[in-house]
Amino acid sequence: GAQRMVSVKLVLDQVLERIYKEFEGILGQGPSLSDSDRKRALLSYLHASRQQLLRLYALVQWSNKAKALAECVDHDKVLDKAATHARMLQSAVDDMYAAHVERAGRYNPMSDVQTALEVLTTGMYSDLPSAIEKLKPAEPLTPAEEETKLRRITQLIYSYLLKVQLPPQIQVVSVQDGYAL
């Protein structure tokens, strides 16, 4: 599992308290030291305090990302959550399929009995919309129209091949009769 976390506030309080106590200690030694020794002690204290504060600053910057890092380090927890999620999804899929099967067995579509009788007795459907009749296939093209359309398709394929970047494994040798070879 993940290691125990310490709050940044606690670390900050301890470091600042230690720096303050060291400063009080240097002030207490001040009268007994010579001027040059007092300056050396103060310089040494300031250097050590600066190093501690820089480390503390780095810690505070890092602590913003510590929670996400702790979750990534705790692999068991992440894998357990993923497995639970997968089980829940599988359960939902199974439940949806069972409901579909159950529903399909219970409900049958309503049949249009009157229309069925009309088709069976007369062989025709009088209410057939005229729009369906408009969808009859068009007359076959004449050879000249077919040639014109084929030429146009070939031009479209050629222009498209000029616009796209083909993978290096594919090479177009020619475009003719609506095919790229």
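Contact here means heavy atoms within 4.5 Å. This is a predicted model, in which local features need pLDDT of at least 70 and side-chain atom pairs count only at pLDDT 80 or more, while totals for chains, interfaces and linings use all residues. Residues are numbered from 1 along each chain, and side-chain values use heavy atoms, leaving out hydrogens and water.

Let's start with the helix pair. Helices are DSSP runs (H or I, at least four residues), numbered from the N terminus. Helix α1 (residues 8-29) packs with helix α2 (residues 35-63) at about 175°, their axes 11 Å apart. Axes are lines fitted to C-alpha atoms over the stretch in contact, with angles from 0 to 180 degrees between N-to-C directions. The two helices are therefore roughly antiparallel, a term for angles over 145 degrees. Residues of α1 in this contact include Val 8, Leu 12 and Phe 23, and among those of α2 are Leu 42, Tyr 45 and Leu 56.

Now to the charged side chains. The whole structure holds 5 salt bridges, each a side-chain nitrogen of Lys or Arg within 4 Å of a carboxyl oxygen of Asp or Glu. Three of them are listed here:

| Pair | Closest N to O |
|---|---|
| Lys 9 and Asp 13 | 3.2 Å |
| Glu 17 and Lys 21 | 3.3 Å |

Lys 9 and Asp 13 sit 4 residues apart in α1, about one turn.

Methods. Parallel < 35°, antiparallel > 145°, perpendicular 65-115°, else oblique.
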